[in-house]
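Thanks for coming, everyone. I'd like to walk you through one model today, so please have a look at the screen.

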Amino acid sequence: MTEKITPFSISKVFNAPRDLVFKVHTDINHLQNWMSPKNFKIIHTSMDFRVGGTYHYGLEGPDGTQMWGKQVFREIVPNERLTFIQSFSDKDGNSTRHPMSPTWPLEMLATTTFENIDNKTKVTITWQPWNSDDIGNSTFDSARDGMTQGFNGTFSNLEAYLKTL
């Protein structure tokens, strides 16, 4: 029986209006400028932004290692929420296992919410394993510090990018 796992959640408030913060999360011309962990370079982006559509991306780390990922949109509520299934992929968009953690869940249910707070925007990202076994759940649960570090780096990229707009 699969164990129940507490979702991972992280938030940050950005000094930008909610419609702009939502737009930079959903427009490929913006995403390619910030959506990566700190010190990673974006090497590929393609998007079909609709429920059932995908966002496929490639990243290159400082050591030249490439990682690919895919999101399949399940829910789009403009300026409020995005829900999608997140997975690692190959360069052709086929779902794959985590390149450095073979027991990582194959799929994650991801939700990003956008909340207006005094002309600023609070972004909250929540991840949880999707259709995972106990080993995948345990791997996910033990990786919370790494997820916090990764998302904080991505939030730093977003904060810097928003200042350019």
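Let me begin with a question: at what angle do helix H1 and helix H4 pack, and how far apart are their axes? Before the answer, a word on what you are looking at. This is a predicted model, in which local features need pLDDT of at least 70 and side-chain atom pairs count only at pLDDT 80 or more, while totals for chains, interfaces and linings use all residues. Residues are numbered from 1 along each chain as its sequence is written, and side-chain values use heavy atoms, with hydrogens and water left out.

Now the answer. Helix H1, residues 18–26, packs against helix H4, residues 144–162, at an angle of about 115°, and the axes are 12 Å apart. Axes here are lines fitted to C-alpha atoms, for helices over the stretch in contact, and angles run from 0 to 180 degrees between N-to-C directions. H1 passes H4 in a right-handed crossing, meaning that the near helix is turned clockwise from the far one by less than a right angle.

Which residues meet there? From H1 we have Leu20, Val21, Val24 and His25, and from H4 Leu158, Tyr161 and Leu162; contact means heavy atoms within 4.5 Å. The residues of this contact divide into six nonpolar, one polar and no charged. For that count, Ala, Val, Leu, Ile, Met, Phe, Trp, Tyr, Cys and Pro are nonpolar, Asp, Glu, Lys and Arg are charged, and the others, Gly among them, are polar.

Let's move over to the strands. Strand S2, residues 41–47, pairs with S3 in the antiparallel sense over six bridges; two strands pair if DSSP finds at least two bridges between them. Tyr57 in S3 is the bridge partner of Thr45. The hairpin of S2 and S3 has six residues between the strands, and Gly52 takes a positive phi near 90° there.

S3 also pairs with strand S4, residues 66–77, again antiparallel, over seven bridges. Here His56 stands opposite Lys70, and the partner of Tyr55 is Gln71. Five residues lie between S3 and S4 in their hairpin, and Gly64 in the turn has a positive phi of about 90°.

Is S3, then, mostly covered or mostly open? Spanning residues 54–60, S3 is mostly covered, with five of its seven residues buried. Buried means under 20% relative accessible area, exposed over 50%, and partly exposed in between, with a 1.4 Å probe and protein chains only.

Next along is the pairing of S4 with strand S5, residues 81–89, which is antiparallel over nine bridges. Phe73 stands opposite Phe84 in S5.

Gln71 is buried, with a relative accessible area of 8%. What does the side chain of Gln71 make a polar contact with? The partner is the side chain of Gln86, at 3.0 Å. By polar contact I mean a pair of N or O atoms within 3.5 Å; within protein, one must be able to donate a hydrogen and the other to accept it, and residues adjacent in sequence count only if both atoms are side-chain atoms. Leaving aside neighbours within four places in sequence, the contacts of Gln71 include Tyr55, Tyr57, Phe84 and Ile85.

Now for some backbone detail. Most residues other than glycine have a negative phi. Asn79, although not a glycine, has a positive phi of about 65°. Asn79 sits in the loop between S4 and S5, a hairpin with three residues between its strands. Its relative accessibility is 27%, so Asn79 counts as partly exposed.

Asn131 is another non-glycine with a positive phi, in this case about 55°. Asn131 lies in the loop between strand S8, residues 120–130, and helix H3, residues 134–141. Asn131 counts as exposed because its relative accessibility is 66%.

Moving on into H3, we find Asn137. Buried or exposed? Asn137 counts as buried, at 3% relative accessibility, and a polar contact of 3.3 Å joins its side chain to that of Ser132.

Finally, Pro7, in the segment before strand S1, residues 8–14. Pro7 is partly exposed, with a relative accessible area of 34%. Not counting residues up to four places away in sequence, Pro7 touches Thr126, Trp127, Gln128 and Arg144.

Conventions:
Helices (H or I, at least four residues) and strands (E, at least two) are DSSP runs, numbered from the N terminus.
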